[in-house]
Amino acid sequence: MARQRKVLPGVDPKLLIKDAGKLLPEPSRRLFLRGAASLGALAVLSGCDIIDGDTSENALRVVSKFNGRVQAFLFNPHTLAPEYPESMITRPFPFNAYYSEDEAPEVDADQYQLEIGGLVDNKKPWTLSELYKLPEVSQITRHVCVEGWSAIGSWQGVKLSDFLKLIGADLSAKYVWFQCAEGYSNTIDMPTALHPQTQLTLKFDHQILPRAYGFPIKIRIPTKLGFKNPKYVTAMWVQNNDAGGYWENQGYNWFSGL
Amino acid sequence: MSSVGTAEQALTIGVPHKVIHPAWVRVTHWINALAMLLMIGSGWQIYDASPLFGFEFPKQIALGNWLGGALLWHFAAMWLLVINGLVYVSLGLLTGRFRRKLFPLRPSEVLRDLLAALRGKLAHDDLSVYNAVQKLLYLGILLTGVVIVLSGLSIWKPVQFQWLTSFFGGYNTARYVHFAAMTAIVAFLVVHVSLAVLVPKSLRAMIIGR
């Protein structure tokens with residue numbers, strides 16, 4: 001794991017800056033493509049417009065979309081992510097977000113309700129005490145960050161596929177969309193939502209999920225990169241349209257399967 | 001010996017304008033050169049997001065400007081690298097070019113040619129025949145290419161291809177293997193490009209074939 005991460009785990013200063021510049025999303029997004037004019041790329045591609053602007057951005061995103069389809073094809077719903085012994089849990093497990101730990105959302109447990117929406121029979125919101133009563137599953141799996149580092153953690157909660165069945169979700173719908181307390185969001189594909197290890201996580205290492213790791217709810221998906229594992233989840237929608245997500249919209253691959 | 005081999009050999013005897021590199025070698029070589037630059041440049045940017053060692057690559061020489069941009073480049077250029085690489089390796093095997101150019105490879109000849117090269121006495125009058133050091137380096141870089149693609153695949157898909165990730169010693173070790181393979185390729189490039197500059201006719205041969 002990177003030394004940098006120990007100071008502010010997972011906070012990439014460049015991404016923070018990029019984040020701050022979100023008022024100007026278009027120019028900043030173009031900026032990284034102009035930045036492609038580095039190394040030998042310019043020497044090789046000079047004379048072409050390909051590096052500049054929308055042509056390049058669109059071309060690369062088309063490939064990324066294609067890569068998403070390739071990954072969906074490679075995804076085997078029966079292949080389980082490797083599980084590890086307790087002795088291999090990374091301690092302390094890193095806090096990771098695009099903001100610092102003291103800026104993490106503070107969710108009031110008594111006021112909290114998980115909102116359910118979309119193609120679901122029973123849209124009754126869920127309180128935490130109701131969720132804590134559901135049958136618990138556990139996993140010790142590797143969290144792999146898009147940045148490259150990884151950490152092994154221990155998560156407990158409700159099997160998401162069981163929960164989706166419990167609320168009468170349309171399992172033939174294409175997507176599940178999660179909204180989070182700080183405005184973060186993710187859309188995931190239904191096959192991943194139904195994967196046996198995809199978990200509506202309520203605990204870390206058998207303790208109620210601490211604020212740093214996403215209290216009150218994290219969606220733990222060991223078959224996807226870390227940013228596709230939303231924390232501080234406040235709402236879950238089952239739907240057929242892709243609502244995108246915080247990082248996906250900025251250019252990270254939508255599927256991001258492992 | 002394949003028919004292509006016979007034709008090439010016939011050309012080596014006393015014909016002034018013999019073909020040193022057939023068109024497929026030149027085309028795949030330059031596509032590979034572009035793909036390698038894109039992969040290495042974006043790979044450095046990706047490395048910087050979570051460095052394995054106590055250094056980072058300067059932003060000026062890293063591609064993509066930020067992690068997301070670099071990942072878009074890396075996972076686009078990988079298709080270029082892999083498809084082109086498969087075409088090159090298939091043709092290299094099918095035409096017998098690998099067998100003809102890279103073998104036999106004897107340790108004693110490698111030692112002899114290496115010493116000659118270090119004394120600046122390695123003759124380079126026939127570009128169509130590789131000396132033993134060249135054979136070793138070209139064979140080595142081919143194998144390194146296989147390692148960098150497979151280790152990359154094992155980092156990209158550590159769940160779906162977990163057998164491959166295990167083969168490389170697990171997720172974390174596979175990242176080091178991928179980095180080491182990149183280092184080997186960059187080291188090869190330094191030597192390769194320097195020698196192409198020192199022996200300009202070898203560069204010409206890779207462009208126009210003769």
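**Confidence, domains and local geometry**

Modeller: This is a predicted model, and among the elements of chain B, helix α1 (residues 3–12) of chain B has the lowest mean pLDDT, 48, while helix α7 (residues 162–167) of chain B has the highest, 98.

Biologist: OK, and where in chain B is the pLDDT below 50?

Modeller: One such stretch is residues 1–7 of chain B, which has 8 contacts in the model beyond near neighbours in sequence. Another is residues 10–16 of chain B, again with pLDDT below 50, and that stretch has 4 contacts beyond near neighbours in sequence. Where pLDDT is low, the predicted coordinates should not be read in detail.

Biologist: And what's the mean pLDDT of chain B?

Modeller: The mean for chain B is 90, with 92% of its residues at 70 or more. As for the model's scores, ipTM is 0.85 and pTM is 0.84.

Biologist: Which domains is chain B divided into?

Modeller: Chain B is split into domain 1, covering 21–95, and domain 2, covering 106–210. Taken over C-alpha atoms, the centres of domain 1 of chain B and domain 2 of chain B are 14 Å apart, and 11 residues of domain 1 are in contact with 12 residues of domain 2.

Biologist: On the domain 1 side, which elements give two or more residues to that?

Modeller: Those elements are α2 (23–49) and α3 (67–94) of chain B, and the largest share of that side, 6 residues, comes from α2(B). By class, the side of domain 1 of chain B that touches domain 2 of chain B has 6 nonpolar, 4 polar and 1 charged residues.

Biologist: Switching to helix packing, at what angle do α5 and α6 of chain B pack?

Modeller: Helix α5 (residues 107–118) of chain B and helix α6 (residues 132–156) of chain B pack at about 110°, with their axes 7 Å apart. Angles of 65 to 115 degrees count as roughly perpendicular, and so α5(B) is roughly perpendicular to α6(B).

Biologist: Which residues make the contact?

Modeller: From α5(B) they are B:E109, B:V110, B:D113, B:L114 and B:A117, and from α6(B) they are B:A132, B:V133 and B:L136. Sorted by class, this contact of α5(B) with α6(B) has 6 nonpolar and 2 charged residues, and no polar ones.

Biologist: Now chain A. What's the strand order in the 4-stranded open sheet?

Modeller: The order is β1-β9-β4-β5 (chain A), and the pairing is mixed. The edge strands, each pairing on one side only, are β1 (115–118) and β5 (185–189) of chain A. On average, and with direction ignored, neighbouring strands of this sheet are turned by 20° against each other.

Biologist: Parallel or antiparallel for β4 and β9 of chain A?

Modeller: Strand β4 (residues 175–180) of chain A and strand β9 (residues 233–239) of chain A pair in the antiparallel sense over 6 bridges, and A:F178 stands opposite A:M236 in β9(A).

Biologist: Last topic, which peptide bonds in chain A are cis?

Modeller: The bond from A:R91 to A:P92 is cis, with omega near -5°, and A:P92 lies in the loop between α5 (53–74) and β1 of chain A. A cis peptide bond also joins A:F215 and A:P216, with omega about 5°, and A:P216 is placed in the loop between β7 (207–208) and β8 (218–220) of chain A.

Biologist: And what is phi at A:D205?

Modeller: Phi of A:D205 is near 50°, which is a positive value in a residue other than glycine, and A:D205 is found in the loop between β6 (199–204) and β7 of chain A.

Note on methods. Residues numbered from 1 in each chain as written. Chains lettered and ligands numbered in written order. Predicted model: local features only at pLDDT ≥ 70, side-chain atom pairs only at ≥ 80, totals over all residues. pLDDT = per-residue confidence, 0-100. Contact = placed C-beta atoms within 7 Å. Domains from an automatic or database assignment. Nonpolar A, V, L, I, M, F, W, Y, C, P; charged D, E, K, R; others polar. Axes fitted to C-alpha atoms, helices over the stretch in contact; angles between N-to-C directions. Parallel < 35°, antiparallel > 145°, perpendicular 65-115°, else oblique. Pairing = 2+ DSSP bridges.
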